[in-house]
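This report describes a strand arrangement and some backbone angles. Please look over the sequence and the model before reading on.

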Amino acid sequence: MAVNLVNVENVSKVYGTRALLDGISLGVSEGDRIGVVGRNGDGKTTLIRMLARLEEADTGRVTHSGGLRLGVLTQHDSLDPAATVRHEVIGDMADHEWAGNAKVRDVLTGLFGGLDLPGFPKGLDTVIGPLSGGERRRIALAKLLIEEQDLIVLDEPTNHLDVEGIAWLAEHLRTRRSALVCVTHDRWFLDQVCTRMWDVQRGDVYEYEGGYSDYVFARAERERIAATEEVKRQNLVRKELAWLRRGAPARTSKPRFRVEAANELIKDVPPPRDSSELMKFASTRLGKTVFDLEDVTVQAGPKVLLKHVTWQLGPGDRIGLVGVNGAGKTSLLRALAEAARSEGEVQPAGGGIRVGRTVKLAYLSQEVAELDPGWRVLQAVQQVRERVDLGKGREMTAGQLCETFGFNKEKQWTPVGDLSGGERRRLQLLRLLMDEPNVLFLDEPTNDLDIETLTQLEDVLDGWPGSMIVISHDRFFLERTTDRVFALLGDGTLRMLPRGIDEYLERRKGMEEAAAAAAAVPAAASQSAAPERSAAGQRAAKKELQKIERQLDRISEKESALHATIAEHATDFAKVAGLDAELRELTGQREELELRWLELAEDA
């Protein structure tokens with residue numbers, strides 16, 4: 001029987017006059033992998049912080065089993081800015097220790113792309129202070145995953161990870177023995193990792209068995225049985241439910257709902273989009289030409305990102321763009337946007353971009369555009385337009401579109417300066433759509449959006465008639481909103497992937513294996529040329545290894561003693577200088593011995 005790790009008993013939490021959580025009772029047992037979902041501001045982060053005892057409940061209690069080893073990833077790390085990545089992630093482990101640890105190697109390769117941390121200026125010896133928030137977050141996640149825990153609590157772990165990083169993390173957590181509680185908006189990740197779901201809604205928490213797809217079905221059925229009013233029924237996840245039932249039945253391996261009831265719920269829901277009808281409508285708005293690229297080369301400073309690319313974005317095309325970080329996804333969008341703004345006058349480093357005469361582009365970048373903080377939400381939207389044509393005879397007022405994007409009538413009068421990061425992101429996208437563009441560039445549009453807002457955005461984009469390019473690490477969003485996937489694989493090319501993200505991951509894995517094989521060829525050649533090592537030679541190597549390990553242990557003890565003495569005489573600068581010289585000499589000896597250890601390890 002599974003051991004209970006955490007008990008949450010009758011817990012409540014109030015902020016101001018609002019009850020975020022009201023009399024919640026939950027439990028986490030060994031082997032649980034729980035995904036936490038809900039609207040931004042409904043209390044997901046508060047719930048897991050109380051679960052981890054980082055925040056006190058107003059009433060009720062949270063109890064942990066005796067000796068519980070708990071690891072927590074919060075949205076704000078506690079890394080020492082003066083420390084190096086090595087110190088925070090690997091700690092005091094010597095190079096030969098961590099290099100021989102399969103778990104450490106797996107985490108460093110999975111999160112950073114290699115043991116030498118490519119992309120960090122000094123690898124493991126990079127100082128943390130100047131690094132970006134995304135880099136710091138990956139370091140905090142690596143530090144947590146290398147340690148052993150009974151329970152891991154993660155708040156938005158996929159933020160700042162690319163598609164490959166998210167796929168690696170999902171596989172790592174699936175095979176890990178620790179229990180897991182995870183807040184994330186990445187629905188593919190939830191489906192891959194979680195076996196239970198907690199849905200935080202208006203002070204309550206609803207529990208469901210299964211991953212995200214099972215949760216969608218079960219929630220729709222629960223609300224159908226509850227006979228909620230039609231307005232609420234329309235605002236549920238019926239469209240997403242229809243898409244899951246019709247387009248991807250394999251997503252749910254253990255359906256925990258009545259199939260007949262689910263089919264009844266969606267019988268009047270049309271397919272997510274009529275692609276041929278949208279294509280026809282887009283052609284009337286855009287003509288035959290949108291963007292034509294001929295032998296294009298894209299550079300970022302001196303670095304060439306894309307070479308001799310010939311490609312076409314046609315009317316009604318819905319393209320997902322994926323690729324390794326730094327491959328040029330955003331640079332490609334910027335080159336296209338510059339050509340559109342200048343009506344073809346500004347061209348890339350090589351080749352040419354032809355822009356259709358009727359193109360009206362809206363570009364959602366990763367940076368949130370600054371708006372007057374004194375504006376009200378509705379006012380900020382009406383500044384663009386009072387009404388918007390969504391195609392196929394659909395028209396919405398600014399207020400109606402605000403409600404679609406989660407700004408109810410009360411929220412529409414909130415000053416922009418009081419909005420959260422996710423709400424500002426929603427408002428930025430809303431203003432773009434109000435301008436009635438016929439081409440959309442969306443660069444990481446899912447950042448800071450909760451799942452309900454994502455489904456609302458997907459519903460709006462389903463019927464949007466125009467051409468669209470989406471860059472996103474959110475696989476679910478890409479599959480839901482685009483029809484074809486193109487990839488930048490870091491080799492200067494742009495390739496179409498008929499099988500989408502799965503094919504991308506396969507190609508990337510193949511490239512890495514080919515690179516590793518190419519690097520191994522010289523080593524293999526030198527080994528075959530050398531005389532075969534004798535058993536006596538291997539025994540000698542092992543003997544010397546043991547001797548070096550004893551020497552390393554003694555040096556480590558001396559270093560610890562010196563550190564303690566330096567701390568004791570911190571005000572005696574002359575003595576500290578002498579001790580520091582001794583410490584540097586010991587460090588040099590240790591590094592030489594570690595290098596020799598690595599050489600001998602191959603022989604042994």
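This is a predicted model: local features need pLDDT of at least 70, side-chain atom pairs count only at pLDDT 80 or more; totals for chains, interfaces and linings use all residues.

Residues are numbered from 1 along each chain as its sequence is written, and side-chain values use heavy atoms, with hydrogens and water left out.

**The sheet**

Helices (H or I, at least four residues) and strands (E, at least two) are DSSP runs, numbered from the N terminus. Two strands pair if DSSP finds at least two bridges between them. An open sheet is built from three strands in the order β2-β1-β4, with antiparallel pairing. Its edges are β2 (18-29) and β4 (59-64); each has a single partner strand, so one side of each has no neighbour in the sheet. From one strand to the next, the twist averages 15°, with axes taken as lines fitted to C-alpha atoms and angles running from 0 to 180 degrees between N-to-C directions.

Strand β1 (residues 4-15) runs antiparallel to β2 and is joined to it by eight bridges. V14 has A19 in β2 as its bridge partner.

**Positive phi**

Most residues other than glycine have a negative phi. R53 and R202 have positive values, as listed here.

| Residue | Phi | Loop between |
|---|---|---|
| R53 | about 65° | α1 (44-51) and β4 |

Buried means under 20% relative accessible area, exposed over 50%, and partly exposed in between (1.4 Å probe, protein chains only). R53 counts as partly exposed because its relative accessibility is 48%. R202, at 68% relative accessibility, counts as exposed.
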